[in-house]
Amino acid sequence: MPLSARLFRTGTLLLLACVLVWALVLAWWADEERTPSTHDMVLYMAALPLALVGGFVLLKRFIDGLRQAAIAPARVDAPPSAPPAPSRSSQTRLALRAGFLRTAAGDDAAQLRKALAAGKRPAPDPEFRDVEGFPVFAARIDGLACDALRCEVDELAGSLQLAPLGDPAMLRALAALELLLGESLDALLAPDHPGSGEAAPVGRVLWFVPQGWPAPAHALLATWLRGRSDDPALALPEPQILPVRSANELARQLAFQAAQIAPGERLLVLATESFLGEDTLLGWGASGRLFSPVHQHGRVPGEASAALLLTPCGESGGAQQALAMMSAPRCENRSQSADAPGRTHSGVLSAVLANALESTATEPLRIDTVVSDIDHRATRSSELFAALGADFDHLDPTHDVFAVATSCGDTGIVAALLCIILAGETARERNSPVLCLLAQHALERSALVLTPVAEPPIT
């Protein structure tokens, strides 16, 4: 409808409403033989009609909002009737050769799984306080060598004529990554059969960093990483640094990069992030996103680092030495934030879950473990279990469904790699497929399947 027509209709309705109110008021005054004062004229002839019209408009908008909230999720969350044809990256399967991690809940997959099974939770932090002066609940990695790392990085930045890293949370993330770089780089550069005289394998390094890290620092990070190899005789390739905003985006980018792996090539995937910085915690607290006894719907800050070593699925000898075979993630976005008021809808998570199982020809009954990145928030757990539904009634929620963030806190982009490593180790140990779900983000949802090596290849 044109703007002029809408204005004419609105003005006509307002005039009719005012005329009706005026007629009723005048009739009332005439019936009581009352002579109105100036105050009466302003109150009944001006304020009353405007108040009635304004109340009607607000009530109508409220009812329309309720109607849209009830209709929109059911329409958008439903699985698409005709999904687009999968790209090469969505069909790629990879051999997960090794996984390394450092978290507040453990230094490897076995320790992390034990902490999750025991119900370990983040404790009040000894350093940080919220705006009310109470300790912040946080998942801190103890013993990070931040001071020594700061001196090293600042000296390197000076030699490269670059700005030093001033963000304490960023330094903590680098210190967490340094804990696992030695073993992960050794795994990347070591031959499959030591002592056989074979040449070192071709390796590529992909380092995912938080999108908030300054772009000018990427050159400094790349130089710092190349100097971390324990064996100077082995040349570490130039790392590709890729900023991402979430764990789900990391999963999507990983699928794309995996499609580019050449036969015989290895891909080392790195990620690290820390939210234990004063600026971050103040921002979370000011916006109501920080967990506390008063705001139990908030996030618990954490920190972690992780590394994956991947090879193509069909590489000779690669599958036999792998922990598990990893499918490409299926990803989709919700139409409404999971933090919005109202009922939590699980249609999108159900859709990506079903798509991941279908792409790997995996029946739900074969899944005996689910690994997710969700935390303590009821909105995330209710969506997860609603998406699992009756097809996964055979799972014990307390022993077969792992929620990584309940013990590790919010680890940002690293959560994707933590879930993949834990799922891969569990698939190898239990010799059964493991479903990996990323549902921590307010909008983004992802699912993939880790299949044990003993399983026959999918045709």
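Here is a short chat about a predicted model.

Visitor: Which residues have the most contacts inside the largest nonpolar core?

Guide: That core has 49 residues. Helix α13, residues 414-430, gives the most to it, with 11 residues. The ones with the most contacts inside the core are Phe208, Leu308, Leu310 and Leu450.

Visitor: Let's pick Leu310. Which residues is Leu310 in contact with, leaving aside its neighbours within four places in sequence?

Guide: Leu310 is one of the residues with the most contacts inside the largest core. Set aside the neighbours within four places in sequence, and Leu310 is in contact with Leu94, Ala95, Leu96, Leu254, Glu265, Arg266, Leu267, Val269 and Met326.

Visitor: How many residues are in the second, separate core?

Guide: Leu177, Leu185, Ala187 and Leu221 are among its members.

Visitor: On to cysteines. How many disulfides does the count come to?

Guide: A disulfide needs two cysteine sulfur atoms within 2.5 Å. For Cys408, the nearest cysteine sulfur is that of Cys419, 8.9 Å away. For Cys436, the nearest is also that of Cys419, at 4.7 Å. By this rule the count comes to zero.

Visitor: Is Cys436 buried or exposed?

Guide: Buried means under 20% relative accessible area. Cys436 has 0% relative accessibility, so Cys436 counts as buried.

Visitor: Which residues do salt bridges that share partners join into one network with Arg428?

Guide: Start with the pair Glu429 and Arg428, whose closest N and O atoms are 3.9 Å apart. Glu429 is partly exposed at 46% relative accessibility, and Arg428 is partly exposed at 42%. Shared partners then join Arg428 with Arg113, Glu425 and Glu429.

Visitor: How many salt bridges does a search of the whole structure find?

Guide: The Arg140 and Asp125 pair and the Glu238 and Arg226 pair are both salt bridges. A search of the whole structure finds 19.

Visitor: What about the backbone: what is the phi of Asn431, which is not a glycine?

Guide: Asn431 is in the loop between α13 and β12 (434-438). Asn431 is partly exposed, with a relative accessible area of 44%. Although Asn431 is not a glycine, its phi is positive, at about 55°.

Visitor: Where is Gln161 found?

Guide: Gln161 has a positive phi of about 55° too, although it is not a glycine. Gln161 is exposed, with a relative accessible area of 75%. Its place is the loop between α5 and α6 (168-189).

Visitor: Last one: which residues make the nonpolar surface patch of about 360 Å²?

Guide: One member is in helix α1, residues 3-31: that is Val19. At 42% relative accessibility, Val19 counts as partly exposed. The patch is made by Leu15, Val19, Trp22 and Leu26.

Note on methods: Residues numbered from 1 in each chain as written. Predicted model: local features only at pLDDT ≥ 70, side-chain atom pairs only at ≥ 80, totals over all residues. Heavy atoms only, no water. Patch = residues over 30% accessible without salt bridge, like charges linked within 9 Å, V, L, I, M, F, W, Y side chains within 5 Å. Areas by Shrake-Rupley, 256 points an atom, 1.4 Å probe, with all protein chains shown as cover. Salt bridge = Lys/Arg side-chain N within 4 Å of Asp/Glu carboxyl O. Helix = DSSP H or I, 4+ residues; strand = E, 2+ residues; numbered from the N terminus. Buried < 20%, exposed > 50% of the residue type's maximum accessible area, 1.4 Å probe, protein only. Core = buried A, V, L, I, M, F, W, Y, C linked by side-chain atoms within 4.5 Å. Contact = heavy atoms within 4.5 Å.
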